[in-house]
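Please read the following note alongside the sequence and the model.

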Amino acid sequence: MIETVRKFNNFTWYHVSNLTTEDNQILVSEHQLTNEIIGYAVDHNEAVRMEYDNAADESLMVIDVISYHESAVETRPIGILFAHGDLYTFSHSVTDYIQAVLLDPKNRQKRENDNEISAIDFVMTGLYSLMTRYVTQLTEVNRNRRVIQAQLGHHKRTTKQMNDLLRLQTQTIYIQNSLANNHVMLDAFKQDFKTKIAHFEVEHIDDVRVEVGQAEHMADLAMAVITSVSDAYGNLSNRDLNWTMKVLTVYSIVLTVPTIVSGFYGENVKWLPFATSQDGWWISIVITLILMAAVSLVLALSGFFRR
């Protein structure tokens with residue numbers, strides 16, 4: 001769907017969501033966009049970068065933003081195209097919220113009024129809010145990690161806790177990668193446009209870069225802590241497994257004694273002590289218990305019962 005969101009004095013903003021074949025034809029025939037640049041803008045797996053077509057007067061920015069799903073939060077690319085003096089934004093269902101953010105960014109940057117604002121400054125003030133969502137999501141990741149970490153001291157650790165921790169690790173990896181790519185892309189964007197835009201617009205680009213840099217540091221710290229907690233979980237799980245194996249080993253050693261004693265007396269060898277006695281059965285049990293107690297004492301003194 002192609003929507004003419006707003007007409008400013010310096011440009012017109014078109015928002016394209018869930019592009020169809022008919023929409024593509026309209027963009028090519030009526031808006032004089034190229035099929036190649038449209039393909040880059042709507043590709044779900046497009047890498048974060050700047051793409052230029054000077055002959056067609058098109059400059060495409062592909063940048064990752066937070067995408068919200070029912071079961072997980074990930075990152076997805078959106079396309080921001082400056083073409084023929086106008087602005088085009090391309091999104092999909094999970095990133096369509098960017099339209100509302102660009103219209104009302106709600107951040108501390110001062111946006112020019114509709115009569116004076118340029119397409120680049122309009123985008124940058126909106127991108128600042130989109131990048132702050134990374135910080136919000138990382139804060140949520142840290143909150144969930146603290147809940148899992150608080151359960152580390154509990155004796156019983158479940159598979160669900162390990163799976164939740166793995167999910168947080170995967171989510172943070174996506175965020176780290178997207179932030180790093182966004183930072184590189186914004187550096188390239190500033191370098192390419194710094195001679196063509198006003199000083200305050202360059203400052204707005206720098207503000208976005210700083211926000212991305214802060215989010216990067218948060219993501220790195222979050223990943224380091226999650227990795228540490230994950231390693232701690234692994235060590236505790238290994239300790240529990242070692243303790244279980246030690247207990248089973250002790251049981252197997254102690255329970256070997258009755259087998260040995262009963263094996264000897266089961267051979268009906270008359271020269272064995274108490275073999276011919278009427279109370280031989282009870283005596284063999286007493287011998288067994290004494291030997292089991294002796295073996296247990298030796299294992300206890302050797303530290304086998306210490307966790």
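Which residues make the nonpolar surface patch of about 540 Å²?

1. This is a predicted model, in which local features need pLDDT of at least 70 and side-chain atom pairs count only at pLDDT 80 or more, while totals for chains, interfaces and linings use all residues. Residues are numbered from 1 along each chain as its sequence is written, and side-chain values use heavy atoms, without hydrogens and water.

2. The patch is made by Leu241, Met245, Leu248, Tyr251 and Leu255. Leu241 belongs to helix α6 (residues 199-254). Leu241 counts as partly exposed because its relative accessibility is 48%; buried means under 20% relative accessible area, exposed over 50%, and partly exposed in between (1.4 Å probe, protein chains only).

3. Strands β1 (residues 2-7) and β2 (residues 12-17) run antiparallel and are joined by 5 bridges; strands pair if DSSP finds at least two bridges between them. The two strands form a hairpin with 4 residues between them, and Lys7 has Thr12 of β2 as its bridge partner.

4. Strand β2 is also joined to β6 by 5 bridges, in a parallel arrangement; here Tyr14 has Tyr88 as its bridge partner. Because 6 of the 6 residues of β2 are buried, this strand is largely enclosed by the rest of the structure.

5. In helix α2 (residues 35-42), the residues Ile37, Ile38 and Ala41 are buried. Seen down the axis of α2, the buried residues fall within an arc of 100°, so they line one face of the helix; the arc is that of the directions from the helix axis to the C-beta atoms.

Note on methods: Patch = residues over 30% accessible without salt bridge, like charges linked within 9 Å, V, L, I, M, F, W, Y side chains within 5 Å. Areas by Shrake-Rupley, 256 points an atom, 1.4 Å probe, with all protein chains shown as cover. Salt bridge = Lys/Arg side-chain N within 4 Å of Asp/Glu carboxyl O.
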